[in-house]
Amino acid sequence: MRLITGKHIPRRIFLKGMGATVALPLLDSMIPAGLGGAEAVRALDATRLIAMEMSHGAAGCTTWGAKQNFWSPSTIGRDFDLSPTSLRSLEPWRKYLTIVSNTDVKMAEAFIPEEIGGDHFRSTATFLTQAHVKQTEGSDVYVGASLDQIYADRFGQDTPIPSMQLCIENINQAGGCAYGYTCVYTDSLSWASPTEPLPVIRDPRVAFEQLFGAGSTAEERLARRSTNRSILDWIAERVAQMRQTLGPGDRQRMDQYLENVREIERRIQMVEERNTSGDPRDMPEAPAGVPDSFTEHMQMMFDLQVLAFQTDMTRVFSFKLSRDSSARTFPESGVDTPFHPASHHGDSEEAIADFAVINNYHVSMLPYLMEKLHKVEEVDGTLLDKSMIIYGSPMGDPNVHNHLRVPFIVLGGANGQMDGNAHLHAPEGTPLANVMLTLLHKLGHTDLTSFGDSTGAFSLGYSGGLAADAASSS
């Protein structure tokens, strides 16, 4: 990236109009003059974090599915074959892929007889906290602070939005769910503290307004939307003024970014028009801004996350991709069986193979995000180089509701903290919390000595070969 020698504009600048506040991406003009300019920007360039949970485990976590390598490849190390696995779509991105297999989330298991059967209703709250939830149907919830919120508490406070919580399926169902658990546990992936679950956003329109309407009133946003004009129309004069102060490269970068903003806004408007046309919907209960297509919804949410990272509006997202006991079907996967029934495979090899197809489809959403992050160039690398993306499930074999040998991967370079192109197989009985503790270390929390039920850190890198704890089990 070119270093300018004149005056620079602030890293975070907003173009404001009625009901609109649009931040700009990192531009050359934001880098202070001189050789220390890039270093100054880099010092503020914290790793972006996306933590995603998919419920119901994976076909590759079953006894037969593991033998078929439906999730983890057969080879430990770097020279692994993804083709039999549900991760095959990530082959072009293997340099950014770290697979950690054979870890357990025992904090999601039943501890006492009264908790037996409630695995679905503990899982989500346990995933990013690695803590055992208090069984209650009331407001006296208790679990633990989640990984994303620990990170946001220290490294997200100097952004306009410390963190955002997104979801795909309908949640926020008040009251008790089953087996003595409140639905708050089932619905809440992010916890600011053991007693503070954070609300989530399902509607892309709501997320868009939060990112590009901050600082304006609800009345202004409503007035702007009622005109059917783009958010960019309200800042056109300010954009023109800003362009006059930028060099050719910055103008091109700003124009491309604003076009991306306009494109996601246009897609949201098209979905809303389609869903309010009176035509039958696959999900009639969903808000007008929510696409019926899982693929379309995922891609819109990914686009919003990339724009947020690009402008440093927030550095932290949690993203819940499904709800436990979901009966949603994924016709785009090629399997019509509803998600939860498909996960109860009854040890049928055919049913496990079908469930693997659904797993393949879910993972196939990730390359879209990888490509989008990779296209955004910043100082010393792309957004993909500067992001840590966690994807996994707190459940292993869903047919028996266990939480052993759970599926878990990490994507992205994390500002040089992740080596990538690695399959690490943990020693038997290793808590997933060990891996998450190490991820927190790589995110800058080097002072943390424990997380959840961790028993120690887990080496995620290589030094002349396999990580020690991975090699010991191979």
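Analyst: Names come first. Helices (H or I, at least four residues) and strands (E, at least two) are DSSP runs, numbered from the N terminus. So much for labels; here is one in use. Just after α14, G444 takes a positive phi of about 110°. Keep in mind that this is a predicted model: local features need pLDDT of at least 70, side-chain atom pairs count only at pLDDT 80 or more, and totals for chains, interfaces and linings use all residues. Residues are numbered from 1 along each chain as its sequence is written, and side-chain values use heavy atoms, with hydrogens and water left out.

User: How many helices and strands does the protein chain have?

Analyst: There are 15 helices and 15 strands in the protein chain.

User: What share of its residues count as buried?

Analyst: Buried means under 20% relative accessible area, exposed over 50%, and partly exposed in between (1.4 Å probe, protein chains only). Of the 474 residues in the chain, 57% count as buried.

User: How do I read contacts across the chain?

Analyst: Contact means heavy atoms within 4.5 Å. Take the contacts in the protein chain with a separation of 6 or more: 71% of them join residues 24 or more positions apart.

User: What is the largest nonpolar core?

Analyst: In soluble globular proteins, nonpolar side chains tend to be buried together. A nonpolar core is a set of buried Ala, Val, Leu, Ile, Met, Phe, Trp, Tyr and Cys residues joined through side-chain atoms within 4.5 Å. The largest one here has 86 residues, and M52 and I409 have the most contacts inside it. Helix α10 gives the largest share of this core, 10 residues. A second, separate core of 32 residues includes V406, L432, V435 and F458.

User: Which residues is I409 in contact with?

Analyst: Leave aside its neighbours within four places in sequence. I409 then touches W71, L87, L90, L97, T98, I99, L366, I389, I390 and Y391.

User: At what angle do α9 and α10 pack?

Analyst: Axes are lines fitted to C-alpha atoms, for helices over the stretch in contact, and angles run from 0 to 180 degrees between N-to-C directions. Angles under 35 degrees count as roughly parallel, over 145 as roughly antiparallel, 65 to 115 as roughly perpendicular and the rest as oblique. Helix α9 (residues 248-275) packs on α10 (residues 294-311) at about 150°, with their axes 11 Å apart. That makes α9 roughly antiparallel to α10. From α9, the contact uses Y257, N260, V261, I264, R267, I268, V271 and R274. From α10, it uses E296, Q299, M300, D303, L304, L307, Q310 and T311.

User: What is the angle between α6 and α10?

Analyst: Helix α6 (residues 204-212) and α10 pack at about 10°, with their axes 10 Å apart. That makes α6 roughly parallel to α10. P204, A207, F208, L211 and F212 of α6 meet H297, M300, M301, L304, L307 and A308 of α10.

User: Where is D312, and is it buried or exposed?

Analyst: D312 lies in the loop between α10 and β10 (316-320). It counts as buried because its relative accessibility is 5%. Its phi is near 60°, a positive value in a residue other than glycine. Leaving aside neighbours within four places in sequence, D312 is in contact with R11, R12, T159 and P160. D312 and P160 are 152 residues apart along the chain, and their C-alpha atoms are separated by 8.1 Å.

User: Where is N415?

Analyst: N415 sits in the loop between β14 and β15. Its phi is near 55°, again a positive value in a residue other than glycine. At 32% relative accessibility, N415 counts as partly exposed.

User: Which residues does S72 contact?

Analyst: S72 is placed in the loop between α2 (63-67) and β4. At 17% relative accessibility, S72 counts as buried. Apart from neighbours within four places in sequence, S72 is in contact with T85, I99, S101 and H423.
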